[in-house]
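Welcome! Let's get to know this protein together through a few questions and answers.

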Amino acid sequence: MTATKKIKSLSATRNALLEAAARVMVAHGSKALTLEAVAREAGVSKGGLLYHFPNKEALIAGMLQQLIDEKTASLKHELEQDDAPNTPGHWLRAYIRSYENHNTDSGAMQSALLAAVAENPELLKPIQEKFADWQRQIEASGLDPAIATLIRLALNGLSFAHLFGLGVPQESLQKQVIETLLKLAQE
């Protein structure tokens with residue numbers, strides 16, 4: 001096996017383990033997130049899991065990093081797709097669209113937030129730093145910082161509604177909310 005194929009194989013295994021961890025969290029909650037349960041869910045030996053994640057905290061940190069990486073990639077993609085670059089709200093509009101895309105295809109990874117809080121809140125530091133960076137970008141988006149922050153907090157609220165099952169709006173209403181936020185980000 002060439003070095004490139006081995007790296008891709010290791011990366012695929014690592015991603016499969018992270019996805020298995022998210023499935024365990026969604027199905028059974030944070031108390032069920034054990035190395036044994038994740039290995040079983042992923043169909044690998046515990047030793048195979050330990051090769052990638054030497055302990056539960058490393059697994060949760062990996063889940064959080066994957067969440068950050070996915071959101072960052074989605075945000076970058078949306079920045080490139082915006083039809084009005086270099087205008088006030090450009091960054092914020094991309095953030096809104098990245099939320100919409102990211103929230104629908106990787107909600108299970110948000111379980112990492114719950115796992116981190118339950119296991120060791122210090123694990124949240126990287127995502128706290130990333131959100132602080134995004135908040136700075138939002139405030140500098142060229143729009144009123146209070147309105148821009150309100151938009152971010154509305155998106156957080158939608159995310160938490162999904163995560164905790166708290167009065168989740170119907171899909172059609174969610175789409176209207178996103179459209180409204182996009183309009184607010186163009187003023």
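Q: What is the accessible surface of the protein, and what share of it belongs to carbon and sulfur atoms?
A: This is a predicted model, where local features need pLDDT of at least 70, side-chain atom pairs count only at pLDDT 80 or more, and totals for chains, interfaces and linings use all residues. Residues are numbered from 1 along each chain as its sequence is written, and side-chain values use heavy atoms, with hydrogens and water left out. Accessible areas come from the Shrake-Rupley method with a 1.4 Å probe, and for residues only the protein chains shown count as cover. The accessible surface comes to about 10,300 Å², and the share of carbon and sulfur atoms is 56%.

Q: How many helices and strands does the protein have?
A: Helices (H or I, at least four residues) and strands (E, at least two) are DSSP runs, numbered from the N terminus. From that end on, the elements run α-α-α-α-α-α-α-α-α. The count is nine helices and zero strands.

Q: Is leucine 67 buried or exposed?
A: You can find leucine 67 in helix α4 (residues 56-81). Buried means under 20% relative accessible area, exposed over 50%, and partly exposed in between (1.4 Å probe, protein chains only). Because its relative accessibility is 7%, leucine 67 counts as buried.

Q: Which residues does leucine 64 touch, not counting residues up to four places away in sequence?
A: Contact here means heavy atoms within 4.5 Å. Leucine 64 is one of the residues with the most contacts inside the largest nonpolar core. Leaving out residues up to four places away in sequence, leucine 64 touches Ala112, Leu113, Ala116, Leu123, Leu124 and Ile127.

Q: How exposed is phenylalanine 160, in relative accessible area?
A: Look for phenylalanine 160 in helix α8 (residues 145-164). Its relative accessible area places phenylalanine 160 among the partly exposed residues. The value is 41%.

Methods:
A nonpolar core is a set of buried Ala, Val, Leu, Ile, Met, Phe, Trp, Tyr and Cys residues joined through side-chain atoms within 4.5 Å.
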